[in-house]
Amino acid sequence: MADPILELSDVSLSFKGLKAINALSFSVERGEICALIGPNGAGKSSALNILNGVYRADAGHVSFEGKRLRSIRPGAAAQRGIGRTFQHAALFSGLSVLDNVLAGLARHSRATLIEHALGLPRDAAETRRFREAADETLSFLELKAYRDRIVATLPYGIQKRVDLARALVARPTLLLLDEPMAGMNGEEKRAMARFIAAARDEFGTTIVLIEHDIGVVMSLSDHVVVLDYGRKVGDGPPDAVRNDPAVIAAYLGKPH
Amino acid sequence: MSFFLETLAGGLLAGVMYALVAIGFVLIYKASGVFNFAQGAMVLCAALTFVTLTERDVPFWLAGLITLAIMVTLAVAVERVVLRPLVNRSQITLFMATLGLSYIIEGGSQFVMGASVHELDLGISDLPVAIGPIQLSSFDLVAAASAGALVIALWLFFERTRIGVSLRAVADDPQAALSIGIRLPVLWAAVWAVAGFVALVAGLLWGARQGVQFSLTFVVLKALPVLIIGGFTSITGAVVGGLIVGAADALAEIYLGPLLGGSVSTWFAYGLAVAFLLVRPAGLFGERAIERV
Amino acid sequence: MPPALAAALAPVRRPVLPALPVRAAGLALLLAVAFVAIPLTATDYWYNAILIPFLIMALAGLGLNLTMGYAGQASLGTGAFMAVGAYATYNLLLRLPELPLPVSLAGGGLIAGAVGLVVGLPSLRIKGFYLIAPTLAAQFLIEWVFNQVGWFSNYASSSAISAPRLVFLGYDLSSPAGRYALTLTSVSVVTVLAWRLVGSQTGRNWRAVRDGETAAAVIGVPVARAKLSAFFVGAAVSGVAGALWAFAYLGTVDARSFDLDRSFQAMFIIIIGGLSSLSGSFIGAAFIVLTPILLTHLSNALLGGSLDGGQISNLQRILFGALIIGFLIKEPNGLAALLGRLRHPAR
């Protein structure tokens with residue numbers, strides 16, 4: 001039955017007087033793929049940033065798994081099981097693919113500095129476990145071939161996938177994807193869509209994503225929320241939203 | 001009370017000099033986005049060149065012109081050879097490059113012109129002048145007045161003239177500036193040339209005050225707190241910051257020093273600067289806010 | 001684009017080559033030379049003028065590299081941390097003589113680390129270049145404290161502090177060979193610990209903070225802990241170097257040898273040697289120590305000694321300055337990367 005894992009109620013956010021988000025309310029069911037779409041500047045990235053603790057809402061509240069997310073700091077959001085990817089991958093450029101993915105597990109590390117320095121058993125065991133988890137995720141996303149490459153040398157599409165791996169390795173409950181397909185060609189987009197759906201199917205991760213490619217969005221998501229000038233103008237399954245006059249008006253009738 | 005005022009006044013006068021040096025930094029920061037650690041070495045080079053020329057009986061005005069020409073050439077060369085190749089790198093990288101640059105200029109100046117202390121006589125006498133209940137040095141007053149005049153001239157230049165306004169545009173958005181036709185190389189050369197000139201004046205004034213020697217380069221270490229407090233991007237900030245640091249240093253030396261048993265001026269200004277960084281990172285007049293985690 | 005995410009963009013930068021892969025054989029050879037060949041062949045001059053200062057400055061550079069090269073936290077406080085290590089070890093040796101030498105050395109390092117931790121606190125609010133300021137403040141303040149507060153130097157005037165006898169397990173280590181042994185062992189042990197840390201989750205967290213602090217925070221890397229640990233470990237390592245400088249090299253504890261110039265020297269070592277490269281610290285230190293000697297010999301040979309010491313040191317300044325700029329422009333990963341490329345031209 002209805003099991004909202006995420007609920008936004010009347011969330012508002014302003015930047016220096018400009019209202020980025022205006023009384024936004026919607027909810028996301030556990031295990032669904034929910035897409036946030038809308039013209040540029042509609043407030044999608046801001047909404048995502050609020051869910052993640054990077055921005056703080058001025059009004060309204062957000063509940064995650066039934067508990068309020070109040071003034072949450074990004075690290076704490078990660079602790080609660082909210083992961084995210086970034087619009088431009090934001091990978092650690094000097095590190096290898098494996099190291100980047102391992103960084104995604106940093107918050108689960110229990111070994112201390114001393115244990116790291118002296119190679120004590122807890123560190124060795126943890127390192128082994130983390131490496132296994134990272135390798136598993138790399139296989140899942142077909143990144144094994146790039147495992148030891150420095151990320152700055154990789155093509156953009158692969159970098160975005162590494163970003164996904166880094167977010168996925170810690171098996172987040174909620175995954176926020178910020179334009180995961182931006183800058184990709186058709187084939188790469190299809191691959192990415194496949195991986196996103198697989199992540200949900202395999203791990204039960206709830207996914208909220210921002211995307212501009214309407215075609216991809218419609219076929220991938222279960223639930224679409226449409227924003228325009230910070231307000232919600234559409235909310236429902238893809239087919240319903242696609243035919244909603246208000247939504248069409250927002251896009252001036254031009255799907256991408 | 002009059003002792004306090006005297007100390008304060010002395011500090012403020014020194015502060016004007018700090019401000020002058022700081023303005024050189026602000027100019028370069030606005031143009032190239034870097035804290036030019038080599039500024040102190042440039043000040044030294046300017047003073048050394050001038051003094052070496054006058055010691056060889058070159059007339060004052062000619063020595064000044066030659067030095068200016070050399071400084072401007074140096075400044076432009078630096079911008080070309082060092083800064084442009086590093087244009088997209090981090091601030092720390094740029095800072096380290098200017099560190100290397102300061103070594104080159106210091107080493108080079110001293111190699112060519114010697115490392116002994118030179119007396120520099122600008123013809124400004126150093127006599128006690130009584131203003132109300134306090135006594136000040138006439139040299140300090142003249143130096144402060146000259147520096148102050150230059151500061152005002154620079155302020156007018158950058159706030160009121162086309163080049164000045166262009167510079168602010170470039171600092172805000174180089175791409176946009178390019179697209180409306182501002183010629184960046186010319187602009188940068190102009191700014192660095194002015195910075196070179198400022199270095200010359202500062203070098204002469206400082207040199208006359210305490211002799212031209214190696215320690216002039218440490219003037220740059222006093223400029224950093226001034227810039228942090230006043231803001232890296234504002235000439236007004238450099239002035240206010242300079243006055244604050246000058247006054248604070250002088251007062252701390254006299255009143256705090258004996259309490260702690262020694263000369264506190266090496267670190268006091270830095271302590272003040274750190275406090276500012278924690279509370280008001282952009283400085284009093286600065287524009288760029290420092291990112292927080 | 002939201003400002004927080006703008007900061008999360010990966011910096012445009014050439015890829016950092018992996019740390020020079022010193023293959024097992026090469027490393028074994030190096031260690032054989034260091035531990036066996038040198039003690040059999042080296043003269044006192046080599047110990048005193050080259051090997052010992054080289055090893056110590058390599059360690060000091062290593063400390064700074066951990067903080068600045070790996071974790072990206074700028075610091076001009078290396079001299080101060082070395083001073084803390086030196087004075088702390090001195091006081092431990094003096095006031096707790098029953099502690100064995102290695103414990104006093106380690107204790108000096110840990111105390112320096114604690115000071116480094118405090119100095120690193122502003123890094124939680126201040127980022128990038130501006131971090132220079134608190135570290136400079138610390139450098140000046142700590143120098144001043146050691147000069148002012150007589151207790152640290154046991155109320156002796158600075159020229160009269162003599163190092164307590166270096167004795168371990170009954171061996172007197174105050175001969176050049178003995179001091180070399182002490183230095184080599186200490187440096188080796190600390191380097192191994194540093195190497196382990198760099199390869200561990202701690203080292204990974206450091207580099208993540210360096211490469212993308214905002215993204216790191218968002219994905220759950222403990223940023224504050226990473227920064228503070230970088231300062232702690234870096235300062236501790238430099239502290240041990242400082243203690244060695246005082247006892248294994250100078251023979252006295254002198255605050256003047258740990259001034260701002262020392263901090264600059266450490267920074268040059270890691271720029272020239274290679275940021276975020278352990279071997280780079282050694283390469284850079286070798287460079288810094290050998291260049292003045294080479295320059296002196298060269299000038300004597302080529303110019304018949306017409307250049308005096310002051311002129312040579314000026315030339316050296318010019319050379320170092322030019323090299324720093326050259327490396328920053330052309331090879332930001334220093335000599336270590338350059339040498340790495342010579343070994344693997346296909347890369």
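**Exercise 1.** In this predicted model, identify the bridge partner of Phe64(A) in S5(A), and describe the pairing of the strands concerned.

*Solution.* Step 1: the bridge partner of Phe64(A) is Lys67(A), in S5(A). Step 2: S4(A) and S5(A), the latter comprising residues 67-68, pair in the antiparallel sense over two bridges. Step 3: two residues lie between the strands of this hairpin, and Glu65(A) takes a positive phi near 50° there. Step 4: S4(A), residues 59-64, is also joined to strand S1 (residues 4-15) of chain A by five bridges, and these two strands run antiparallel. Within S4(A), Ala59(A) stands opposite Ser12(A).

**Exercise 2.** Determine whether Leu101(C) is buried or exposed, and locate its contacts.

*Solution.* Step 1: Leu101(C) is placed in helix H5 (residues 101-120) of chain C. Step 2: Leu101(C) counts as buried because it has 21 C-beta neighbours inside 10 Å, the cut-off being 20 or more. Step 3: if residues up to four places away in sequence are not counted, Leu101(C) touches Leu166(C), Val167(C) and Phe168(C). Step 4: Leu182(C) is 81 residues from Leu101(C) along the chain, and their C-alpha atoms are separated by 9.7 Å.

**Exercise 3.** Describe the side of chain C that touches chain B, and state which helix gives the most to it.

*Solution.* Step 1: the contact takes 37 residues from chain C and 39 residues from chain B. Step 2: on the side of chain C, helices H6, H9, H11 and H13 each supply at least two residues. Step 3: H13(C) gives the most, with 13 residues. Step 4: the residues on this side of chain C divide into 27 nonpolar, six polar and four charged.

Definitions and conventions. Residues numbered from 1 in each chain as written. Chains lettered and ligands numbered in written order. Predicted model: local features only at pLDDT ≥ 70, side-chain atom pairs only at ≥ 80, totals over all residues. Helix = DSSP H or I, 4+ residues; strand = E, 2+ residues; numbered from the N terminus. Buried ≥ 20, exposed ≤ 12 C-beta atoms within 10 Å, placed from the backbone. Contact = placed C-beta atoms within 7 Å. Pairing = 2+ DSSP bridges. Nonpolar A, V, L, I, M, F, W, Y, C, P; charged D, E, K, R; others polar.
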